[in-house]
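Please consider the following structure with attention to its sheet architecture and its backbone geometry.

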Amino acid sequence: MGGNENARAVRVTSQDLKFYIETYGCQMNERDTETIAGLLIKEGMSQAMDISEADVIILNTCAVRESAESKVWSRFGKIRSMRRGGKPPVLVLAGCMAQLPETAERVKSKAPYISVLTGPGFIHEIPQLVREAMAKKPEDGGHKILKAVTPARTAASRDESTQLLPEGLPRRSIPGVNAYVTIMYGCDNFCSYCVVPYVRGPQVSRSFQAILEETARLCEEGYKEITLLGQNVNAYGLDVPGSPDFPALLRALDKTPGLLRLRYFTSHPRDFTQEMIEAVRDCPTVCEHFHLPLQSGSDRILKAMNRGYSRDDYLRLVERVREAIPEASITTDIIVGFPGETEEDFQDTLDMVRKCRFDGAFTFIFSPRKGTAAYRMKNQVDKKTKSLRLQELVEVQGAITRDINASCVGRDMEILVESMAEEEPGSVKGRTRTGKMVIATGSKASPGDLVNVRIVEYGTWYLKGPVAP
Ligand code: SAH
Ligand code: SF4
């Protein structure tokens, strides 16, 4: 997760007090934003069509890379002087950045215009915190409520950073075809580069029953595709003695009336068992798309990253997936420039990319995150080398992606229509079960329809063609 750091705005209906939310980072944050919006609507607040009309502005932030943080600070710099009817809006910094000690310090010393600081485990308290902030007059010296907890966590334990939200919170889902269902909070893996276990707390699985009920409700409301969310979904249930595990969850959800497609995000290669592959193979709704973050192709670096698998383990996993489900797509995440990464290590990564022939990859430059083990490592790779490696990796993977997409030309592929295709008037777009974006030219199908498309054209990010005869 965390592949996209661009903000998306959620908009809701209108009344007296208006709020506006911008979401940065991963799908977990998008899902949290739906709850924040649902809570504020329940509170009687309503949507601002434009940020300039908002009484409350919430930035739901990401801390995975420094670039995501910089975006948020520069955004606050732009909106801090906004006024509505002469009054400043209440500014809320929510999400993962709120859990970092540096953020609290910076708010105190340099950004007192931020009224509420609240981490992912406290989103259900946002309406109350906003009310308190509004009740204070600016002449009282501003209205600061800090609600973030960042204990120095070194081992997995339940503590105040745990994001275990109460069940039954309202959600304001974006109308459409796909809906998210969180199946677990937090992460216990402590990959040495990653800040997530510190800001989101330890792994806590939601109850099996709650997930089943939420999925059934969403499908009753008309959603056709459900994406299960968690940092390490294949460890689902392992933190709760006696709980069903992830394959059991997939098999149970597969029977949900109205559900056409079931996806999940993200799975860890170390925990990807044969039972899981079989569950994907056996369940008609579960899509044949495996997102397996490799991170590096060098055994030495994988060890330093604390990933818990080797190149060989990973290659065997890819083999097992393709043996069981030949039509499966496999995508990945890769980091370049981890501390101590030599040219040889990087060549090992390129070698794995060529061997695995991924359908696509999210590629990142290593960003040192305070508090993580990799931040303290010697031999940080210089900026120029990192960006040259990224460039090379993107080129190698791009050629493979285009090659795979080219091999789709002439085939008929089923898509679940999501929306009109703005880039191609009079057409609709949707995804294949394998996760590829397809434009169905000239199709009048509606969102939620399944359509067979004959592929005649391709690019790196899309396939295109008319409805199959
Ligand atoms: N739980 C997910 C990942 C969440 S973060 C998983 O384990 O797959 C999403 C991706 O961001 C990671 O897979 C990794 O490739 C990247 N990432 C995480 N920390 C990073 C850092 N410090 N610098 C650069 N990329 C990072
Ligand atoms: Fe971060 Fe690793 Fe947990 Fe993913 S599994 S969230 S990369 S610590």
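The model is predicted. Within it, three strands form an open sheet in the order 13-14-15, with parallel pairing. Strand 13, spanning 289-291, and strand 15, spanning 360-365, are the edge strands, and each of them pairs on one side only. On average, neighbouring strands of this sheet are turned by 10° against each other, direction being ignored. In general, the strands of a sheet pair through backbone hydrogen bonds, in either a parallel or an antiparallel manner.

The pairing of strand 14, residues 329-336, with strand 15 is parallel and extends over six bridges. Ile334 has Thr363 of strand 15 as its bridge partner.

Attention now turns to the loops. Phe265 and Thr266 are joined by a cis peptide bond, with omega at about 0°. Thr266 belongs to the loop between strand 12 (261-265) and helix 8 (274-282).

Phe190 is located in the loop between strand 9 (184-185) and helix 5 (196-200), while Asn306 is located in the loop between helix 9 (299-305) and helix 10 (311-324). Is each side buried or partly exposed? Phe190 has a relative accessibility of 15% and therefore counts as buried, the cut-off being under 20%. Asn306, with a relative accessible area of 40%, is partly exposed.

How values were computed. Residues are numbered from 1 along each chain as its sequence is written. Chains are lettered from A and ligands numbered from 1 in the order in which they are written. This is a predicted model: local features need pLDDT of at least 70, side-chain atom pairs count only at pLDDT 80 or more; totals for chains, interfaces and linings use all residues. Side-chain values use heavy atoms; hydrogens and water are left out. Two strands pair if DSSP finds at least two bridges between them. Helices (H or I, at least four residues) and strands (E, at least two) are DSSP runs, numbered from the N terminus. Axes are lines fitted to C-alpha atoms, for helices over the stretch in contact, and angles run from 0 to 180 degrees between N-to-C directions. Buried means under 20% relative accessible area, exposed over 50%, partly exposed in between (1.4 Å probe, protein chains only).
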